[in-house]
Amino acid sequence: METNLNHEQSLTLINEMISRARNNVQKERRYPLLFWGYTIATVAILNYVLLYVLCNPNLSFWVWCLMLPAWGLSYFIDRKIHRTALVKTHIDRIGDGVWKGYGIGVGVFLFTIFAAAFRLQSPVLFSLVTPVILIMVGICEYASACIYRFTPWYRVAALLGAGAIACAFVPVQVHFLILALCMILGFVVPGHLLNRQTKKNHV
Amino acid sequence: MFEELDPLLHSQLRLSVMSLLLSVDEADFVFLREQTGATSGNLSVQIEKLREVGYIDVNKSFRGRMPCTQCRITKKGISAFEEYARVLQSYMTAADASQIDKKNGYR
């Protein structure tokens, strides 16, 4: 069965379909937000607690090794989502590229900081880790906001920037609490908002 | 005189499919069915028509035991869609001009 259209109906239909495809793109972004939001917030809080619980507080930083299995798990989840995705878009590819670039950037940055700290025998450099990572995540969130035209991510980017600035005025131990707070407000909350939006659209 | 709109695109379901595919790299049959609200049978027929003229590529495979049909717009399809939009635009411009003429009392 075919329905013929007048020119106005055709334009309305084209606009509606393009907008539906775009909305679908945004919905898929909630999984990485929730996964990384909860994971990083948990590890940061754990690190903060261990700083005061362990006899040797320096051992508490090893908790960040949990990020390696988390990364592996995220890789498999992403692959599964990608394989079973009903729709694949060039916007998704660009968005994924931004976050892959971030992953590589963080790796290079951490290596540089550790190498410099050991060479200069200066643990002060470690105080840069949290604010710089927050700035890098903020840049990626800003890029994602531009790519997906999802306004809340602009606010998240601003929040992460504010978190980085706040790090300059508090002791290094508190950086972990700031990081956890930024992850909850910047990743977990928008992730659940997207989740709710998706469920509402499906009702 | 007005140019004729591409009859292959000037149908509700085929135009919906092409508009959806234009915005994505690749889309599953299920996605197209959900978004257009069409029945599987009707959608299959229209997809086949678009495939026959080379406007879309259709890749059939299996995801586990489930059959899976992936559709992708081709370069020829993009050109046809752009041409369709251009002709549509000329209709709209002509319609607007005619409205203004009517307002001004010209016939």
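## Surroundings of Glu26(B)

Glu26(B) touches Leu86(A), Val87(A), Lys88(A), Gln70(B), Cys71(B) and Arg72(B), leaving out residues up to four places away in sequence; contact here means heavy atoms within 4.5 Å. The residue belongs to strand S1 (residues 26–28) of chain B. Helices (H or I, at least four residues) and strands (E, at least two) are DSSP runs, numbered from the N terminus.

Glu26(B) is buried, its relative accessible area being 14%. Buried means under 20% relative accessible area, exposed over 50%, and partly exposed in between (1.4 Å probe, protein chains only). The side chains of Glu26(B) and Arg72(B) are joined by a polar contact of 2.9 Å. Such a contact is a pair of N or O atoms within 3.5 Å; within protein, one must be able to donate a hydrogen and the other to accept it, and residues adjacent in sequence count only if both atoms are side-chain atoms.

## Basis of the model

This is a predicted model, in which local features need pLDDT of at least 70 and side-chain atom pairs count only at pLDDT 80 or more, while totals for chains, interfaces and linings use all residues. Residues are numbered from 1 along each chain as its sequence is written, chains are lettered from A and ligands numbered from 1 in the order in which they are written, and side-chain values use heavy atoms, with hydrogens and water left out.

## Chain A as a whole

Chain A contains seven helices and one strand, in the order α-α-α-β-α-α-α-α from the N terminus on. Its C-alpha atoms fill a box of roughly 75 × 30 × 30 Å along the principal axes. Of its 203 residues, 37% count as buried.

## Helix pairs in chain A

Helix H4 (residues 90–120) and helix H5 (residues 129–148) of chain A pack at an angle of about 170 degrees, with their axes 10 Å apart. H4(A) is therefore roughly antiparallel to H5(A). Axes are lines fitted to C-alpha atoms, for helices over the stretch in contact, and angles run from 0 to 180 degrees between N-to-C directions; those under 35 degrees count as roughly parallel, over 145 as roughly antiparallel, 65 to 115 as roughly perpendicular and the rest as oblique. The contact of H4(A) with H5(A) has 18 nonpolar, three polar and two charged residues. Ala, Val, Leu, Ile, Met, Phe, Trp, Tyr, Cys and Pro count as nonpolar, Asp, Glu, Lys and Arg as charged, and the others, Gly among them, as polar.

The axes of H2(A) and H3(A) come within 11 Å and cross at roughly 170 degrees, which means that H2(A) is roughly antiparallel to H3(A). Their contact divides into eleven nonpolar, two polar and no charged residues. In the loop between H2 and H3 of chain A lies Leu66(A), which is partly exposed, with a relative accessible area of 43%. Apart from neighbours within four places in sequence, Leu66(A) is in contact with Val43(A) and Leu46(A).

The largest nonpolar core has 38 residues, of which Trp36(A), Tyr102(A), Ile133(A), Leu134(A), Trp153(A), Leu160(A) and Met183(A) touch the most other members. A nonpolar core is a set of buried Ala, Val, Leu, Ile, Met, Phe, Trp, Tyr and Cys residues joined through side-chain atoms within 4.5 Å.

Helix H1 (residues 12–22) of chain B is mostly covered, with nine of its eleven residues buried.
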